Each structure stands twice: as C-alpha cells, then as structure tokens.
Amino acid sequence: MNLAIESRDLTKVYGDKTACREICLSVSEGQIFGFLGPNGAGKSTLVKMLVGLLRPTSGSASLLGRPLGSLEARKKIGYLPEGFSYHEWMTGRQLLGFHSSLYRLDGDSRRRRIPLVTDLVGLTGAAGKKVRTYSKGMRQRLGMAVSLLSDPDLLFLDEPTSALDPLGRREVREILLGLKERGKTIFLNSHLLSEVEMICDQVAFIKEGRIIAQGSPGQLQAGQMVVEMQVEEVGAGLLESLGRVSEVIGSGRDTVRVAVKSSDQIPVLAETVIKSGGRLHRLAPEKLSLEEIFVNLLREGD
Amino acid sequence: MLTITFFTIREAFSRKILLVSLIMAAVFLGLYWIGVYYAARDIGGSQNPALAAVIYPQLLLLGLYFGGFIVAFLAIISSAGLISGDIESGAIQAVITKPVRRSSYALGRFLGQAIFLGLYAAALFAVIYAITRYHTGLELPGGLRALPVFALQPLVILAVCLLASTLTSTLAGGALVFMLYAVALVGGFIEQIGWIINNLYLKNAGIVSSLIMPVDALYRKNVHILLNPAAKPVNALQQMGPFGSLAEPSQWMMLYTLFYVALAVLAALYAFSRKDIG
C-alpha cells in the first residue's frame, strides 16, 4: 500500500526547546490516523511542519509521494487548523470562493463543490452571512468545508470537533468515515480519545516531542486488560495486596479497577481478594480504553 | 498571485479604516476648499497680483503636504498588519497551505494594497489640484508628472510596512513605520532650514533622513515639478516656507526611492519565505 505520509527523523527546535524530536511516521493511504498527546506535546507542531507552516529543523517528510512544500502535493491536501480563524469580512460563500481560487478550481468545479461542501457540513442556510456573525461551532463547520473544498486525498484535521456539540461531532465522524470509504487519508489531531478510538485505524502517542507508542488501537490494547471487581468494603490492605500483583488504576467504596498484562492473572486477583478477607461479588475483565492507555503512557517515565 | 491581489483590494474596500480615511479626507478637503475659496475671492478682488503669486502656491503646498500626511496615515494603519495581521488572527494558516507560493502571497498582498493606496492618493491629489486650479486659476503644468510622484509616497510606506509585518507584530511594525515616517518629515524640515541658512550639517541630516525613508524627498520633488523655480522668478520666493523646496531632490534620489521600494519588497519576500507560522 502507498504511503500518504512518511516522515523521517522530523525535528523542530525552538531555541533550547525541542518541540518535535526525530518523528518517524508512516501513514498508509486510505487510513484514518489519530495523533494523540497532552497539551504542548508537539502535536500541532508536527501537523504545521507537514502542511508547510513551520520549517523543520532537521529530518524530511513526504506527502502523497512528494517532498514537503510541493505545490503539486498541496493541491491534494486539505487542512483544518486548530484556530479555524477566517477572514471575517467575507460571507461563508465568498470565503469558499476565495479558497476555490487558491486551489485554482475551474468554474464547473466551484459550482459543484461549494454547495456540496456547505451542505455536507450543514451550513447551507448560513453561507450568505458574514463570517463575523458565525458562532464558534459554525466557524468550525466552515473550516471543515474549506478543508474539503478540493476533494483532497489527504486531510489534516487539528481538533476538528473542539467547538461542536455531540450532534455536530457525530456528523463530523460520519463525514470522516464517508471520506475513508472513498479512499481518502485523514490525519486527525484530537483530544477526544473516545472519538479517535471509534474511527481511527492507526494511532500514535506523542509526549514531550517524541513518539512513545504507535499502532492500531487493537495492537495497543493487546496485552493490556482491565479487570473491574465488586468487593465488599474495599480497604487499604486489599488495595496494597492487589497492588503487588497488578496495577490498581481506580477504586471506589466497593469497586476496584486493576490493569493486568494477561488473562492468566485473573485467578490470581480473585485469590488475592479472598486471601485479604474480601468478599468478591463480581469480576469483569474489560479491554483497556484508548484513554486509559493514553493515561498509562503519560504516567510512565514521570 | 492575482487571486491574492484582488482579495487584498476587496479587503481594503471592506474595512472600516477606509471609511475613517474617507471621512478624514472629506473634512480635510472641505477645509481646504473653504481656505482656497475665500483666499481666491479676497485676493482676486484686491488687484494685487504679487499677493496671489505668493499665497496661491502656498495654499497648494499646504494641501499637498497634509494630503500626503492623510495618505501616509491610511498607508500605515491599513498596511501595518498586511501579513502579521493574518498571522496573528490565524487566518493565514488556511491560505498559505494551499497550492500558493509564499512569495506569490506576499507579492499579491503588496500589489493589491499598492493599487488601493495608489488610487486613493491619486484621487486625493486630483481633488486638491482641481480645487486649486478652479478657484485660483494657478498655472500648474506639471500636474500629470506630479501625480505618480504623489502616489509613490504611500508605496514607500507600504513597502516598509510589508517588510515590518513579516518580521514583527502589527503593533510593533506600525509603530516602527510611523517613527520612520516622522523621522523623514522632521528631516525634511531640517533640510529645508539647512538650505535657508546654508548649514551643511542640517542639509546632510535631511539627506540621511531621506535615505532612511524617502517620502519627504518625494514631496519636495513634487513641489519642484509643480512650481518650477526656473520657470518663474517669483516661484523661488514660494519655496522659502516650510512646505517649499529650496533644493530639488536629484534624479538619483528618485532612483534610490524606486530601489528602496524594490529592496524592501524583496527583503519582505525573503523573510516571509523563511518565516515559521505557528
């Protein structure tokens, strides 16, 4: 399968701060790729290097088989910036017309694409209004429309649903899944891990400018399991005993959640509860969510 | 590049700063018209041609000097954020990630703004010229040659604004260009005084200020084009005031001005092509 994005040791240094360090990524065409990390980890810096806003300090990358900065590649790329700020004196339709000109879309393409994308993001009724009158959510929808204008093969979305309500988020998810069905590649920066988990084929975690894990959600979840137990009167002694055989990731008055490496550890957990004098009412193994993997990864090394 | 040029022209016409500048220009032209009208009426009735020969050109110079000031004000206010404004608002991010070269973007912004400012300056010059000509009957044969020189003043300011807006914030860039403009104006006055009292230091200070920003030199050139002292002996007398020009800026200074604009634009293109936009 061809690679839509390939980066080799991509690094960005600001003074004495390294925002991204030797980032190596391979994103195959037709995938939805989730890029995750805490605030300030370097997510947006990487996207900005890939779309040409920032100059890498070292390393190289290619998009759709062409080097960074290639105008040919940019014709096939859509980008929704995190700030989604647009020229407020224009109407939504004028703004889309302006961006169509930047893409050099011909008259027929414009007449076809502008109504199509405004309809897709649910802005048809507001397309004639000035951008300055738009709400935050409408601006984000407009940004989405701009990014989809050229029917791009590769779409970079930086926090595309941050200003949307749950219904709007679902609509964006559906749009992204529809694009994936048409073979488009989507690079998604998001804090909303549940969303990423729902739609992404591959994910990568970045921390302090370094990629600390990458793979499919299934691969990252493999070998990591959470067991939730219902126990009468969870005490400090029980938690201490469980901590010796697993990692306690949460507890309530009568529930304990622990992370285990494999299902072989489940009988050991039951045995530990009983040996500690606890009365076990329920034991339910679950897969670790992407959010829990994310939190665990961030804690590691702290 | 043309897309960005047309976009910039549309943007210029849609901003509130245009309305403010039009109001300023209307107030200024209204006052100027009142001044010229009453001066022409009284001097015309006094049967004193010497008085007319001194006062009418002074009125014209006053109009051109402060007309230039209004154009400069518009140029600084509307161009200080030509690129930095879009960077600060974030609007540039969705634009320069399109298949557009950064140099095309910056050059398109410059050309669009240059067309807008050039038209504004030309219109203002034409109205000042028409008011003066109509009420005083003053012979101004160099009008067509003076117009492009007048319109070049805001382009000098624009070129520096473009460079500043690729290097620093809108506020810092605007303040810097305004200070450079002030240096040029003060330098122009100092040079004029230097010629009156024949002081080499003052003359050189004026020349240096014109090298820093050659807007005052353009104004003084225009004074010579419109009121050529060689044409009429009385015109030499007219050049004595603060708005006159006792020494005509040379053709080298005009060439330097064009080189100055080109260099500032090229430096802006280079700086912008290497700029990180975060």
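## Reading a two-chain predicted model

Author: This model is predicted. Chain A averages a pLDDT of 86, and 98% of its residues score at least 70.

Reader: Which elements of chain A have the lowest and the highest mean pLDDT?

Author: First, the general idea. Where pLDDT is low, predicted coordinates should not be read in detail. In chain A, helix 11 (residues 290-299) has the lowest mean among the elements, 75. Helix 3 (residues 92-102) has the highest, 93.

Reader: How many bridges join strand 11 to strand 13 of chain A?

Author: There are 6 bridges between strand 11 (residues 225-231) and strand 13 (residues 255-260) of chain A, and the two run antiparallel. Look for A:V227: opposite stands A:V258 in strand 13 of chain A.

Reader: Is helix 1 of chain A enclosed or open?

Author: Count its buried residues. In helix 1 (residues 43-51) of chain A, 9 of the 9 residues are buried, so the helix is largely enclosed by the rest of the structure. Among them are A:K43, A:T45, A:L46 and A:V51. Next comes A:G52, with a positive phi near 95 degrees.

Reader: Where do chains A and B meet?

Author: Take each side in turn. On chain B, 19 residues are in contact with 22 residues of chain A. Helix 1 (residues 2-14) of chain B gives the most to the chain B side, 4 residues. That side divides into 7 nonpolar, 7 polar and 5 charged residues.

Reader: Which residues touch the most other members of the largest nonpolar core?

Author: The core has 155 residues, and those touching the most other members are A:A145, B:I157, B:L158, B:A159, B:V160, B:C161 and B:L162. Helix 6 (residues 143-167) of chain B supplies the largest share, 15 residues.

Reader: What is B:L162 in contact with?

Author: Leave aside its neighbours within four places in sequence. The contacts of B:L162 then include B:L82, B:I83, B:F110 and B:V265.

How values were computed:
Residues numbered from 1 in each chain as written. Chains lettered and ligands numbered in written order. Predicted model: local features only at pLDDT ≥ 70, side-chain atom pairs only at ≥ 80, totals over all residues. Pairing = 2+ DSSP bridges. Contact = placed C-beta atoms within 7 Å. Nonpolar A, V, L, I, M, F, W, Y, C, P; charged D, E, K, R; others polar. Core = buried A, V, L, I, M, F, W, Y, C linked by C-beta atoms within 7 Å. Buried ≥ 20, exposed ≤ 12 C-beta atoms within 10 Å, placed from the backbone. pLDDT = per-residue confidence, 0-100.
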